[in-house]
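Here's a quick briefing to read alongside the structure. Have a look at the model, then work through the points below.

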Amino acid sequence: MRKIIITIVKSLLAILMCFVLFADDAFAQDTLLVVPDPVNGGALNRAIAADTLAGVPPNRVYKLVRGGWYFLNGAIENVDWHLRIVGE
């Protein structure tokens, strides 16, 4: 009886480990690296506007480059979707 319980517990732990290891794939996000444009500015505005026209992927994340300057040259409107902006 004890061997059966140990086997069941080990099996459940193995299944739990599989869920933990592959959880990132289940909640994968579509990341777009936005490179700053110091000459023309508005790189973030252009990236969001291009996605808005093409249909924003539901898990889109805009990743900004470390040390870059991002000038906003207009309003960013996100009425029907969540805006996710992260930095490096």
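Let's start with Thr-7, which is partly exposed at a relative accessible area of 48%; partly exposed here sits between buried (under 20% relative accessible area) and exposed (over 50%), using a 1.4 Å probe and protein chains only. This is a predicted model, so local features need pLDDT of at least 70 and side-chain atom pairs count only at pLDDT 80 or more, while totals for chains, interfaces and linings use all residues. Residues are numbered from 1 along each chain as its sequence is written, and side-chain values use heavy atoms, with hydrogens and water left out.

**Thr-7 and the overall layout**

- Thr-7 belongs to helix H1, residues 2-26; helices (H or I, at least four residues) and strands (E, at least two) are DSSP runs numbered from the N terminus.
- The Thr-7 side chain reaches the backbone oxygen of Lys-3 at 2.7 Å.
- The chain has two helices and three strands, and along the sequence they run α-β-α-β-β.
- Of the 88 residues in the chain, 18% are buried.
- Take the contacts (heavy atoms within 4.5 Å) between residues at least 6 apart in sequence: 65% of them join residues at least 24 apart.

- Which residues make up the largest nonpolar core? There are nine: Val-34, Ala-43, Leu-44, Ala-47, Ile-48, Tyr-62, Leu-64, Tyr-70 and Trp-81. A nonpolar core is a set of buried Ala, Val, Leu, Ile, Met, Phe, Trp, Tyr and Cys residues joined through side-chain atoms within 4.5 Å.
- Helix H2 (43-54) and strand E2 are the elements that give two or more residues to this core, and H2 has the largest share, with four.
- As a general point, nonpolar side chains tend to be buried together in soluble globular proteins.
- Val-34, one of the core residues, touches Ala-43, Leu-44, Ala-47, Tyr-62, Lys-63, Leu-64, Val-65 and Tyr-70, once residues up to four places away in sequence are set aside.
- H2 has 12 residues and should span 16 Å at 1.5 Å a residue, which agrees with the 17 Å between its end C-alpha atoms; the expected span is 1.5 Å times one less than the number of residues.
- The buried residues of H2 are Ala-43, Leu-44, Asn-45, Ala-47, Ile-48 and Asp-51, and their cover includes strands E1 (30-34), E2 and E3 (85-87).
- Asn-45 counts as buried because its relative accessibility is 12%. Not counting residues up to four places away in sequence, Asn-45 touches Phe-71, Leu-72, Asn-73, Gly-74, Ala-75 and Ile-76.
- Just after H2 comes Gly-55, with a positive phi of about 95°.

**Salt bridges**

- How many salt bridges does the structure hold? Two, where a salt bridge is a side-chain nitrogen of Lys or Arg within 4 Å of a carboxyl oxygen of Asp or Glu.
- One of them pairs Asp-30 with Arg-60 at 3.5 Å, N to O. Asp-30 is in strand E1 and Arg-60 in strand E2, so this pair ties together parts that are 30 residues apart in sequence.
- Arg-60 sits in E2, residues 60-64. Beyond neighbours within four places in sequence, Arg-60 is in contact with Asp-30, Thr-31, Leu-32, Asp-51 and Arg-84.
- Asp-37 forms a salt bridge with Arg-46, with the closest N and O atoms 2.9 Å apart. Asp-37 counts as buried at 19% relative accessibility, and Arg-46 as partly exposed at 42%.
- In general, side chains of opposite charge can pair when their charged atoms come close.

**The loop at Val-35**

- Val-35 lies in the loop between E1 and H2 and counts as exposed at 53% relative accessibility.
- Val-35 and Val-65 are 30 residues apart in sequence, yet their C-alpha atoms are 6.0 Å apart in space.
- Leaving aside neighbours within four places in sequence, Val-35 is in contact with Ala-43, Val-65 and Tyr-70.

Terms used: A polar contact is a pair of N or O atoms within 3.5 Å; within protein, one must be able to donate a hydrogen and the other to accept it, and residues adjacent in sequence count only if both atoms are side-chain atoms.
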